[in-house]
Amino acid sequence: MSPRTQAPEEAYTAEPFVPSAADLASLREAAAGCRGCPLHQDASQTVFGEGAEDARVMLVGEQPGDQEDRQGKPFVGPAGRLLDRALAEAGIEPGQAYVTNAVKHFKFTLRGKRRIHKAPSLREMTACAPWLEAELDRVEPELVVTLGATAGKALLGSSFRVTQERGTLLEREIHGRPERVVATIHPSAVLRAEDREAVYQGLVADLRVAARALGGE
Ligand code: URA
Ligand code: SF4
């Protein structure tokens with residue numbers, strides 16, 4: 001068991017852990033010690049974003065899953081493999097992208113020995129937002145792609161509805177800066193869908209909008 005060292009309930013925030021004027025490597029190092037909310041207690045490690053500081057596109061997921069928690073890297077499990085395939089099909093090289101999550105620790109419940117993903121609360125998302133903000137500041141992507149409802153709400157506000165806003169180029173103010181955003185579904189929604197192929201093609205179509213916005217087609 002890890003010690004209960006997080007801030008008191010009313011003060012869930014990563015803010016005091018985020019170094020100012022740091023490069024990505026220093027941010028990642030600092031995030032490894034984040035105790036801004038209780039999620040660090042049961043997870044194995046912080047899963048920070050991965051990719052080049054000069055990446056043109058930033059992909060934002062929800063939170064690390066089981067594999068990501070074990071390996072310490074975002075989107076390395078089944079959802080990540082599907083995402084890579086969809087990106088390639090849409091004409092976005094995975095190497096062009098900086099990949100991260102709205103929440104940096106894995107939240108789960110135990111079912112027997114299996115760790116089952118549990119959606120982060122608004123409070124946990126808000127607590128973790130300073131890390132995403134710092135990543136946006138460093139990478140300054142030309143385009144942000146949100147994957148699923150949680151990432152959409154984290155960046156576009158709680159009124160965001162993925163079904164209504166997906167697949168079009170949005171211009172929004174995020175943390176005081178104008179950003180171009182394309183929202184789409186979460187790749188794990190494809191894995192859960194009955195009609196997998198159609199849902200997958202929808203993801204690819206949205207990513208093509210992102211590819212066009214990057215001038216890649
Ligand atoms: N799902 C996410 O949202 N992010 C990951 O890194 C893996 C799965
Ligand atoms: Fe810090 Fe985010 Fe992890 Fe909470 S989820 S401890 S805010 S890195």
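Tutor: Start with a network. Asp66, Asp69, Arg70 and Arg115 are linked by salt bridges. Keep in mind that this is a predicted model.

Student: What makes a contact a salt bridge?

Tutor: A side-chain nitrogen of Lys or Arg must lie within 4 Å of a carboxyl oxygen of Asp or Glu. Side chains of opposite charge can pair when their charged atoms come close. By this rule the structure has 11 salt bridges.

Student: Why is the contact of Lys73 with Glu50 called a salt bridge?

Tutor: Check the distance. N to O, the two side chains are 3.6 Å apart. The cut-off is 4 Å, so the pair of Lys73 and Glu50 passes.

Student: What does the pair of Lys73 and Glu50 tie together?

Tutor: Lys73 is in the loop between helix H2 (66-71) and helix H3 (78-90). Glu50 is in the loop between helix H1 (24-31) and strand S1 (57-61). The pair therefore ties together parts that are 23 residues apart in sequence.

Student: Why are Lys73 and Glu50 called partly exposed?

Tutor: Buried means under 20% relative accessible area, and exposed means over 50%. Lys73 has 37%, so Lys73 counts as partly exposed. Glu50 has 29%, so Glu50 counts as partly exposed too.

Student: How do you know that Glu135 and Lys104 form a salt bridge?

Tutor: Their N-to-O distance is 2.7 Å.

Student: Are Glu135 and Lys104 buried or exposed?

Tutor: Both Glu135 and Lys104 are buried.

Student: What makes Arg177 and Asp137 a salt bridge?

Tutor: Their closest N and O atoms are 3.3 Å apart. The limit is 4 Å, so Arg177 and Asp137 qualify. Arg177 lies in strand S7 (residues 177-184) and Asp137 in helix H4, so the pair ties together parts that are 40 residues apart in sequence.

Student: Which residues line the largest cavity?

Tutor: There are 17 lining residues, and the closest to the centre are Cys34, Gly36, Cys37, His105 and Cys128. H4 gives the most to this lining, with 4 residues. By class, the lining has 9 nonpolar, 5 polar and 3 charged residues.

Student: What sits in the largest cavity?

Tutor: Ligand 2 does. To sit there, a molecule needs more than half of its atoms within 2 Å of the grid points. The residues around ligand 2 include Ala14, His40, Val103, Lys104, Ala127 and Trp131.

Student: What is the volume of the largest pocket, and what lines it?

Tutor: Its volume is about 740 Å³. Among its 29 lining residues, the closest to the centre are Gly65, Ala79, His117, Ser188 and Arg192. Elements giving two or more residues are H2, H3, strand S4 (114-117), helix H5 (148-156) and helix H7 (187-192). The lining has 12 nonpolar, 10 polar and 7 charged residues.

Student: What are the phi values of Ala21 and Phe75?

Tutor: Ala21 has a positive phi of about 55°, although it is not a glycine. Ala21 is in the segment before H1. Phe75 has a positive phi near 50°, and it is not a glycine either. Phe75 is in the loop between H2 and H3.

Conventions:
Residues are numbered from 1 along each chain as its sequence is written. Chains are lettered from A and ligands numbered from 1 in the order in which they are written. This is a predicted model: local features need pLDDT of at least 70, side-chain atom pairs count only at pLDDT 80 or more; totals for chains, interfaces and linings use all residues. Side-chain values use heavy atoms; hydrogens and water are left out. A residue is near a molecule or strand if one of its heavy atoms lies within 4 Å of it. On a 1 Å grid over the protein atoms alone, a cavity is a set of points where a 1.4 Å probe fits but cannot get out, and a pocket is an open set with protein on both sides within 12 Å along at least five of seven lines; lining residues have an atom within 4 Å of a point. Buried means under 20% relative accessible area, exposed over 50%, partly exposed in between (1.4 Å probe, protein chains only). Grid points are joined across faces, edges and corners, and a volume is the space filled by probe spheres set on the points. Ala, Val, Leu, Ile, Met, Phe, Trp, Tyr, Cys and Pro count as nonpolar, Asp, Glu, Lys and Arg as charged, and the others, Gly among them, as polar.
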